[in-house]
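Biologist: I am new to this structure. Could you show it to me and take my questions one by one?

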Amino acid sequence: MINSAILLIIAVTVFVLGYRFYAKFLAAGVFRLDRNQSPPPVAAGQPPAPVNRHVLFGHHLAMLTAGTTVTGAAVALVWGWVPAFLWAVVASVIAAGTYGLGGLWLGFRQRGASPAGLAGLWLGSGARAAVLIVTFAVLLLLSALLALLAAQLLDLYPHVVLAFWAQIAIVLALGWVLARGRGAEIAIGSAVALLAVAAVLWLFRKLPLALGGAVTLDLGGATLLTVSNIALWVVLVLAFVVVSARLPLARLARPYGFLTAMLLAIGLTIVFAAILWVQPPMQAPQFAAPKEAPGVLPWVFVTLVSGAIAGFHLLVAQGITARQLAAETDARYIGYGGALGEGLAAVAVVIACGAGFGGHDDWTRAYADWGGLQNLSQVTAFVVERWVTLARGLGIDANAARAFFALLVLNLCVTTLDAGIRLQRNLLRELGETYQLERLKHGHRPLLAATALAALLALADISGGQPLSAANGFWPVFGLANHLLAALGLLMIVMLLTRLQRPRALVLGPLLTVLALGLWALVLQLQLWWQQQHWLLVLGAVLVAAPALWVLIQGLPALRRAPGDTPGT
């Protein structure tokens, strides 16, 4: 059994070398980042709104490192620690880092343009409509999933509920400091905010708040309405997101994401310090082939979101982060560095879930039920407990560690949910402007529509329909849509490189790889559903995949054409 500390040292060494050399080469030799490059304004006469690069890095990292990053890394270990570890480390440096840097560069050069807008500009109105369909599906599924997961975590960990809501006041105060402070002021304000979070966790440690059972509305002895506790938490979480999305980023969302990133840094420090101190051996096998689970290839690439290339990452880069970049050269630090930060989170999960057991038999029992590994809340709680086990090796109280890690994962889910709802609102506005739908062009209707759609899908799952369950095919459909959207993002990056006559092989390689893996997974899944006669799932997968494949088929031949002028480059 290999010492887990060796794996950690290898991962950190690869990440440092990747950022120092490979990211530098990409920045100078491929994307040719220029500090003096001025982006086009977001709107006519409206200058860019640059943000402190460290604050922006934190917010960007928190938006990427969703609960699905944690659960995906834990589930991927079912095929053994070697494929999960290699994909989280090597793919983060080679593929995800390139994608993250390229996505921010693309967003900076084409500021204000969405992936659908660029597809329409370069490939025609049909391509724009196709990308809108795929993007809409990914954002809807992800938002509903994260709203449900956040609600389930609030139900699982009642001791962090009051701390979760109390930290909103801390975030608002931190937002005031971040908007007005510089350098040392931001550092001091951040330290005070972290101490305040520690204080509320301690203060409310013995004050659990739970919504037990279901709330029933009776009239005259007749039951009119029954609402489960999870449904109430879904409504409350989405209400918070609506308030956040109606405010400027600087008021709530950005400081919340930055605070979450700082908590993530502390959490990773605790986990990594425990690994180096205790040095537990990996109890997971190097390779495994569980009977109920699908084969390791290509599903480990679709399952393990971190280190992989997710379509949602491009949406965040273009729709939120790139609009706040102070300089094009910051794309290396924020884009590539953010991918490595997410990779570190995946490494923390892989090692903890591979080594945080008393023996190999304990690990085998934990991973014996493939069906249980499809339940996100159970997998998240499983990861939290593994982190708690490692933290105890440093002498940290188990209850304190559990509350901290539960709050961390909850914050990651809500930060990404906030980003997803904002992006869906922007997409609906773009839909209204493209097809002259007046009600979607202005005001708060797009935001309320985006939130309502996510709520309906999450509540449908709670009520028994379970559209978000693995049994009903949610994970394959979402994973494939997210994967193919990532291929579309890579296609946009390669197209801009082609137009600017810059080297593209290091981006074209990941594009072809992602496309091949996505097609492979799509064919296997369609074959399985066809044999099982799950016709609705076959139809759903085709409806999501067909538009993406159509754009890719149109876009790949365009890469052979002579470069042309590109506005805003």
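Biologist: Why does Leu 263 count as buried?

Modeller: This is a predicted model, and the values are computed from it. Leu 263 has 4% relative accessibility. Buried means under 20%. Leu 263 therefore counts as buried.

Biologist: Where does Leu 263 lie?

Modeller: Leu 263 lies in helix H10, which covers residues 253-278. Along the chain, Leu 263 and Asn 411 are 148 residues apart.

Biologist: What makes Val 551 count as buried?

Modeller: The relative accessibility of Val 551 is 0%. The cut-off for buried is under 20%, so Val 551 counts as buried. Val 551 belongs to helix H20, residues 535-558.

Biologist: What separates the C-alpha atoms of Val 551 and Ala 130?

Modeller: A distance of 6.9 Å separates those C-alpha atoms. Along the chain, Val 551 and Ala 130 are 421 residues apart.

Biologist: Is the crossing of H6 and H16 left-handed or right-handed?

Modeller: The crossing of H6 and H16 is left-handed.

Biologist: Which classes of residue make up the contact of H6 with H16?

Modeller: The contact of H6 with H16 has 21 nonpolar residues, six polar ones and two charged ones.

Biologist: Now the cavities. How many reach 30 Å³ or more?

Modeller: The count comes to three cavities of 30 Å³ or more. The largest cavity has a volume of about 100 Å³.

Biologist: What makes a residue part of the lining of a cavity?

Modeller: A lining residue has an atom within 4 Å of a cavity point. For the largest cavity, the lining includes His 60, Tyr 99, His 313 and Glu 342.

Biologist: Which elements give two or more residues to that lining of the largest cavity?

Modeller: They are helices H2 (53-64), H4 (81-109), H12 (311-321) and H13 (330-355). H4 gives the largest share, four residues.

Biologist: How does the lining of the largest cavity divide by class?

Modeller: The lining of the largest cavity has six nonpolar residues, five polar and one charged. Gly counts as polar here, and Gly 100, Gly 103 and Gly 335 are among the lining residues.

Key: Residues are numbered from 1 along each chain as its sequence is written. This is a predicted model: local features need pLDDT of at least 70, side-chain atom pairs count only at pLDDT 80 or more; totals for chains, interfaces and linings use all residues. Side-chain values use heavy atoms; hydrogens and water are left out. A crossing is left-handed if the near helix is turned anticlockwise from the far one by less than a right angle, and right-handed if clockwise. On a 1 Å grid over the protein atoms alone, a cavity is a set of points where a 1.4 Å probe fits but cannot get out, and a pocket is an open set with protein on both sides within 12 Å along at least five of seven lines; lining residues have an atom within 4 Å of a point. Grid points are joined across faces, edges and corners, and a volume is the space filled by probe spheres set on the points. Buried means under 20% relative accessible area, exposed over 50%, partly exposed in between (1.4 Å probe, protein chains only).
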